[in-house]
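These notes are meant for someone opening the model for the first time. Please read the points in order, with the structure in view.

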Amino acid sequence: MRRGAVISVPGLGYTSMARCSPRFLMELFNYSPRGVMHFPPPRTPEEAWRRTFGGLGRSLGRLGVEIVAINPPGGSPRGLAAELAEVERGIMGALGRSLPIASVNSIAYSAAPPACDEVGLVDGFLSRIFRSLDEYMIISPFGDRVGDDFEEYGIYLSSVERPSHEDVIAPEQVPDLVAELAARVARGRHRWQRPAPRAEGVNFLPIGHRPWSTSGGYGPSPWSAA
Amino acid sequence: MSAQGAVACVDPDGLSDLIRNRSYVVLDCWAPWCAPCHILGAMLRDLAPKYPEVAFARLNVQAYPEFQERLEIYGLPTLLAWRKGKLVYRVPGVPDWRTLKSMLDELVTGE
């Protein structure tokens, strides 16, 4: 059995990634299949879990993969670092014999968008777990906190390609994507080959050239488009 | 009209008004499904208050395919910048922070 995990971090969106440039997530963003989650209101950690993973039983059908739910929303608050440590233990303990589906909820329960040191904690947590995975799905069903609500768009980074290139991913589509991931975990199927990451700090721009153009042509870009 | 220090969502008509009425206009051409667009959008929201003389705008090109063709936008995101009504910069993809700041500095200081 291959090793796979699904990790949801509601409230940590692309805005936090842009603001804090978390090293692992940015690197993964550069070479992983990626997409954009779209989550209509109401947006709460409980709704994120219910609407994203609620249909899993139906989608997984007879795949024969045991699903382990780790830290669904609603438990007692214990701070981000303690939560991450607990979730990491849970995921690592489940890998290889079941498919862990975990949620990190502290960020969404906070009244403010995450500080960059908190984003860094999540980044380190994801990085450590990622090293043990063959298949992965890292999502934030909705993005950063904005006042009493959250941004409607969230992160999707996964070894499972998004279903439609020119469309956002609805929470109700996630169970089918998890089912695809579970099938790969169960059958050892591996349709996506992870390419070598770009070396950090490499400058793709010719020295002395401006990275933007006034002529309508395409200058080189540090990041590729979707 | 773009509020000072904010990034306004515009349609092609709104963009024409901005280009006519504001000296410096930066347009973020995006689509909801485009993940890098959300990164660039967040960067522009952060930078907009630091450049009050610049009108920052976003246009969802998925809703206006004819606009995409007219401005020759072949990939997303694409950043366009006008100085006094003239298109002066075209930045495909997501530039890094330093590049973006340099472009904005040059937009408002260069003639």
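By about how much of the helix are Arg20(B) and Asp17(B) separated in helix 1 (residues 12-21) of chain B?

1. Arg20(B) and Asp17(B) are separated by about one helical turn, because they lie three residues apart in helix 1 of chain B; helices here are DSSP runs of H or I with at least four residues, strands are runs of E with at least two, and both are numbered from the N terminus. Their side chains meet in a salt bridge, at 2.4 Å from N to O, where a salt bridge is a side-chain nitrogen of Lys or Arg within 4 Å of a carboxyl oxygen of Asp or Glu. Arg20(B) is exposed at a relative accessible area of 62%, whereas Asp17(B), at 35%, is partly exposed; buried means under 20% relative accessible area, exposed over 50%, and partly exposed in between, with a 1.4 Å probe and protein chains only.

2. This is a predicted model, in which local features need pLDDT of at least 70 and side-chain atom pairs count only at pLDDT 80 or more, while totals for chains, interfaces and linings use all residues. Residues are numbered from 1 along each chain as its sequence is written, chains are lettered from A and ligands numbered from 1 in the order in which they are written, and side-chain values use heavy atoms, with hydrogens and water left out.

3. Over all chains the count comes to 13 salt bridges. One of them joins Arg50(A) to Glu47(A), with the closest N and O atoms 3.0 Å apart, and this pair too is three residues apart, in helix 3 (residues 45-53) of chain A. Arg50(A) is exposed at 51%, but Glu47(A) is buried at 17%. In chain A there is also a network of salt bridges that links Arg2(A), Glu135(A), Glu180(A) and Arg184(A).

4. Asp144(A) and Arg19(A) form a salt bridge in which the closest N and O atoms are 3.7 Å apart. The pair links distant parts of the chain, 125 residues apart, with Asp144(A) in the loop between strand 5 (135-139) and strand 6 (145-146) and Arg19(A) in helix 1 (residues 14-20) of chain A. Asp144(A) is buried, with a relative accessible area of 2%, while Arg19(A) is partly exposed at 36%.

5. Which residues of helix 4 of chain B are buried? They are Thr99(B), Leu100(B), Met103(B), Leu104(B), Leu107(B) and Val108(B). Seen down the helix axis, these buried residues fall within an arc of 160°, so they line one face of helix 4 of chain B; the arc is that of the directions from the helix axis to the C-beta atoms. They pack against strand 2 (24-30), helix 2 (35-47), strand 3 (54-60), strand 4 (78-83) and strand 5 (86-92) of chain B, contact meaning heavy atoms within 4.5 Å. The face turned away from the buried side carries the exposed residues Arg98(B) and Thr109(B).

6. Ala94(A), found in helix 5 of chain A, is buried at 3% relative accessibility. Leaving aside residues up to four places away in sequence, Ala94(A) touches Val68(A) and Pro100(A). Ala94(A) and Gly4(A) are 90 residues apart in sequence and 9.6 Å apart in space, C-alpha to C-alpha.
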